[in-house]
Amino acid sequence: MSDMSAQVGIVGAGPAGLLLSHLLHRQGIGSVVLEIRSRSYLEQRVRAGVLEQGTVDLLNDCGLGVRMRREGLIHHGVELRFSGRSHRIDFGELTGGRGITVYGQQEVVKDLLRAREAAGSLPRFEVADVSVADLTTERPVIRFTHGGADHELRCDVIAGCDGFHGICRPSVPDGALTEFDRTYPFGWLGILAEVAPSTDELIYARHERGFALHSMRSPTLSRFYLQCEPDADPADWPDERIWDELRVRLDLDLAEGPIVDKGVTPMRSYVVEPMQYGRLYLAGDAAHIVPPTGAKGLNLAVADVRVLATALGRFFTAGDDAGLRAYSETCLRRVWRAEHFSWWMTSMLHRFPDDQGFEQKLQLSQLEYVTSSAAAAASLAENYVGLP
Ligand code: FAD
Ligand code: PHB
């Protein structure tokens, strides 16, 4: 058994855990990050791709924006397609010039890992048997194994940044947290293809056969999603079937290229309240998830960590715990707005298998409203680019 200590012990090296470690380091606060996966796995895991202006600003402000400014694609609108029509939601016009940046989550993670490396503070990768204890004391502990040996990390605070399937949230005693949950009767099949995007801006398409999304990562890399069964097996989706389906649902003359990544994501909305128990603070997917239709998951994780890093700064430098006491309430206001927006976008654009027609009529009415009323379009636009 080997003993270590840190001011903050961080479980999970996703965007939330890595960014928290970086923001704490900039305030002179030490942290240790523990991660069950390898570095190359984290750098290759394809996930989200849309960064809100607030996320971009934060990454720039803390010295992480150099490559993002060079390689990120700035977009000032998205397209909605339905009933054979196409309509552009103009973010620039509707939100006073704001936009989004298309830059892959795995690129953000690479930039974060490089910054941690330069600071001599990389996560401990490939740890196992992680558990947390003594959460209501002033010295909570994280236990784990690494390289076959048992370790114990004593901290002042633990940040649970271990995603939806992590161990931190389930370590809280029954009854201390309240869960809010909604599962959807479909999933998304996501692919990455080595081909120039067939569109300048993202296309969200509602189609009788189900939802489809055309996104991108770079001028030579396209990202697509198709609504599928929640438990679909990617093996049942040969490349040919994917391209045919994309072409029909997007109603687009698509350029094809080699598919280099294929995976199915189930769709779920979930929030736990409060996002804290004793000295354990939950951030990102560990506390809440959204269906990806609103492109909010990664942005919410970044917003939580911004609040937590500021609160921990006050706590460690001035002994003031007001920010930590307000942490959950502060974050949950933004979380619930994003939950609503993601649920709303999902409801408007997907085919619900048990719908008798009523839902479809509502969807079409809502789409017509959003694409004909400036007030309704502005509401979509300001939520999509991110509220302050
Ligand atoms: P994560 O990125 O999940 O990071 C958690 C980390 O903790 C992981 O590295 C994990 O390996 C590690 N971990 C887990 N358990 C332990 C443990 N016991 N001990 C130590 N470490 C542990 N959002 C979008 O907006 N658009 C998308 O297209 C999109 N696609 C997605 C596809 C998938 C398959 C998933 C799972 C999510 C997707 N999301 C998407 C959501 C978005 O990627 C997440 O909201 C974002 O990753 C949240 O960051 P995080 O750091 O909170 O959690
Ligand atoms: C992506 O590019 O991965 C992406 C874009 C928009 C979404 C979800 C995912 O709503």
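**Close-up 1. A cis peptide bond at P274.** P274 sits in the loop that links β15 (259–273) and β16 (276–277). Here the peptide bond running from E273 to P274 is cis, and its omega is near -15°. Please keep in mind, for this view and those that follow, that the model is predicted.

**Close-up 2. A positive phi at D251.** Our next stop is the loop between α7 (239–250) and β15, where D251 is found. D251 is not a glycine, yet its phi is positive, at about 55°.

**Close-up 3. The residues around ligand 2.** Which residues come nearest to ligand 2? There are 15 residues around the ligand, and Y204, S215, R217, Y225 and P292 are the ones that come nearest. Sorted by class, this shell holds 9 nonpolar, 3 polar and 3 charged residues. Two strands, β13 (212–218) and β14 (221–228), each provide at least two residues of the shell. The most comes from β13, which gives 3 residues.

**Close-up 4. Polar contacts of ligand 2.** Let us zoom in on the oxygen atoms of ligand 2 and the N or O atoms that face them. In the side chain of R217, an N or O atom is 2.7 Å from an oxygen atom of the ligand. Y225 also takes part through its side chain, with a polar atom 2.6 Å from an oxygen atom of ligand 2. For P292 the backbone is what counts: one of its N or O atoms lies 2.8 Å from a ligand oxygen atom. How much of ligand 2 does the protein bury? Taken alone, the ligand exposes 280 Å², and 98% of that is buried by the protein.

**Close-up 5. Helix α9 against helix α10.** Here helix α9 (residues 322–349) packs with helix α10 (residues 358–370) at an angle of about 115°, and the two axes are 8 Å apart. Because angles of 65 to 115 degrees count as roughly perpendicular, that is how α9 is placed relative to α10. Which residues meet in this contact? On the α9 side they are W344, S347, M348 and L349, while α10 brings Q363, Q366, L367 and V370. By class, the residues of this contact divide into 5 nonpolar and 3 polar, with no charged residues.

Methods. Residues are numbered from 1 along each chain as its sequence is written. Chains are lettered from A and ligands numbered from 1 in the order in which they are written. This is a predicted model: local features need pLDDT of at least 70, side-chain atom pairs count only at pLDDT 80 or more; totals for chains, interfaces and linings use all residues. Side-chain values use heavy atoms; hydrogens and water are left out. A residue is near a molecule or strand if one of its heavy atoms lies within 4 Å of it. A polar contact is a pair of N or O atoms within 3.5 Å; within protein, one must be able to donate a hydrogen and the other to accept it, and residues adjacent in sequence count only if both atoms are side-chain atoms. Accessible areas come from the Shrake-Rupley method with a 1.4 Å probe; for residues, only the protein chains shown count as cover. Helices (H or I, at least four residues) and strands (E, at least two) are DSSP runs, numbered from the N terminus. Ala, Val, Leu, Ile, Met, Phe, Trp, Tyr, Cys and Pro count as nonpolar, Asp, Glu, Lys and Arg as charged, and the others, Gly among them, as polar. Axes are lines fitted to C-alpha atoms, for helices over the stretch in contact, and angles run from 0 to 180 degrees between N-to-C directions. Angles under 35 degrees count as roughly parallel, over 145 as roughly antiparallel, 65 to 115 as roughly perpendicular and the rest as oblique. Contact means heavy atoms within 4.5 Å.
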